[in-house]
Amino acid sequence: MALKVAIVGLPNVGKSTLFNALTQTAAAQAANYPFCTIEPNVGEVAVPEPRLDALAKIAGSKEIIPARITFVDVAGLVRGASQGEGLGNQFLANIRDCDAVALVVRCFEDDDVTHVEGRVDPLGDIDIIATELMLADLDSLERRLPALEKRAKGGDKEATQALRLAKAAHVELSAGRPARAAKVSEDDVKAWRMLQLLTAKPALYVANVDEASAAAGNALSERVAERAAAEAAKAVAISARIESEIAVLDAGERAEFLEALGLHEAGLDRLIHEAYALLGLQTYFTAGPKEARAWTIPVGASAPEAAGVIHTDFEKRFIRAETIAFDDYVRLVGEAGARSAGRLRAEGREYVVRDGDVMNFLHGA
């Protein structure tokens, strides 16, 4: 499944520096993985997955294909964007097509970089962005409610459901809370998504810190982390400037540079992992002589649903899945060893896929 994250923030907070680091990372990966810049402000990058290398080595795979994540660099929002200030609704619309929103806030002091609000206050930045997104959602709902009410009175069941959900969102937004604060049942999830509300999307706060704070963060990023925790959201501290430097290094130089900074992994890798956790996603693998590949699925997905990510026909005509846990695959040196040791399992339609499963699907013609 495709994953798209909007990078949102006020001007001069390091948002574009972060996006450029992502695209530079992708360019550096080009020797192994295909990279695509779809538009000047949209880029794809491989999801960091070291387990793929181990699988490929054991399976003798000719190609390694990681999962992909798309980042959309939304132009800097300003106060009043929901009313058309700056580039306004043109860029608010870009967020609607994304699965999650990464809100980049400035957590560094630099007299050479002017803040649009004339101060460095990450919580204030969050409030401005949140307010503009909520106002945009309110405007969208208020324009749609009359039509939904008319259709619902006519007995349209889909409109009745949408109207109920729109009203629930309107209550939250009117109280100054994002739409995601509304309680939505499993039966309503699809209709809820169809409303395409900006503040219904999961939010990840990205605290852009100075270089000296890349490893441990600073007082400003701690405030962002506290805000995220209070909202049951995710937060990650990153130095966009350092990420730009790391992005152009080869694997050896990268590891050495990270160690010197006291970092276990690049900030961009942490950003991607947090985005996966935020959206409740996990990875399973397929491996063979042709390719070793990572596939993205929701946590809790069944075996047929996982098969459907490869091809919809695989889900429709699913018979069973041959499954090996990643650790068993590595320990027993591949499928043959796992089969001999009784660690290859035949799983049916009810099997819930686990992160790291190495799978092969049997399906009807």
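This is a predicted model: local features need pLDDT of at least 70, side-chain atom pairs count only at pLDDT 80 or more; totals for chains, interfaces and linings use all residues.
## Aromatic pairs

The whole structure holds four aromatic pairs. One of them joins Y284 and F361. Their ring centres lie 5.9 Å apart and their planes stand at 90 degrees, so this pair is edge-to-face. Y284 belongs to strand β9 (residues 281-287) and F361 to strand β13 (residues 358-363), so the contact ties together parts 77 residues apart in sequence. Y284 and F361 are both buried.

F285 and F326 make another pair, and this one is tilted. The centre-to-centre distance is 6.3 Å, with 45 degrees between the planes. F285 sits in strand β9 and F326 in helix α13 (residues 326-331), so parts 41 residues apart in sequence are tied together. F285 is buried, at 0% relative accessibility. F326 is also buried, at 14%.

Ring pairs also build a cluster. Its members are Y284, W295, F318 and F361.

R51 lies over the face of F326, 5.8 Å from the ring centre. R51 also forms a salt bridge with E49, where the closest N and O atoms are 2.9 Å apart. E49 is buried, with 16% relative accessibility. R51 is partly exposed, at 21%. The cut-off for buried is under 20%, so E49 and R51 fall into separate classes.

E49, R51 and D355 are linked in a network of salt bridges.

## Other salt bridges

The count of salt bridges comes to 22. Among them is D139 with R143, at 3.1 Å from N to O. Both residues lie in helix α4 (residues 122-153), four residues apart, so about one helical turn separates them. D139 is partly exposed, with a relative accessible area of 37%. R143 is exposed, at 58%.

R317 and D313 form another salt bridge, with their closest N and O atoms 4.0 Å apart. R317 is partly exposed at 39% relative accessibility. D313 is partly exposed at 26%.

## The largest pocket

The largest pocket contains about 1000 Å³ of space. Its lining is made of 28 residues. Nearest the pocket centre are D99, R193, A200, P202 and L279.

Which helix gives the most to this lining? Helix α6 (residues 189-194) does, with three residues. By class, the lining has 17 nonpolar, nine charged and two polar residues.

Key: Residues are numbered from 1 along each chain as its sequence is written. Side-chain values use heavy atoms; hydrogens and water are left out. Rings of Phe, Tyr and Trp (its six-membered ring) pair if their centres lie within 6.5 Å; planes under 30 degrees apart count as stacked, over 60 as edge-to-face and the rest as tilted. Helices (H or I, at least four residues) and strands (E, at least two) are DSSP runs, numbered from the N terminus. Buried means under 20% relative accessible area, exposed over 50%, partly exposed in between (1.4 Å probe, protein chains only). A charge sits over a ring if NZ of Lys or CZ of Arg is within 6 Å of the ring centre and within 35 degrees of the ring normal. On a 1 Å grid over the protein atoms alone, a cavity is a set of points where a 1.4 Å probe fits but cannot get out, and a pocket is an open set with protein on both sides within 12 Å along at least five of seven lines; lining residues have an atom within 4 Å of a point. Grid points are joined across faces, edges and corners, and a volume is the space filled by probe spheres set on the points. Ala, Val, Leu, Ile, Met, Phe, Trp, Tyr, Cys and Pro count as nonpolar, Asp, Glu, Lys and Arg as charged, and the others, Gly among them, as polar. A salt bridge is a side-chain nitrogen of Lys or Arg within 4 Å of a carboxyl oxygen of Asp or Glu.
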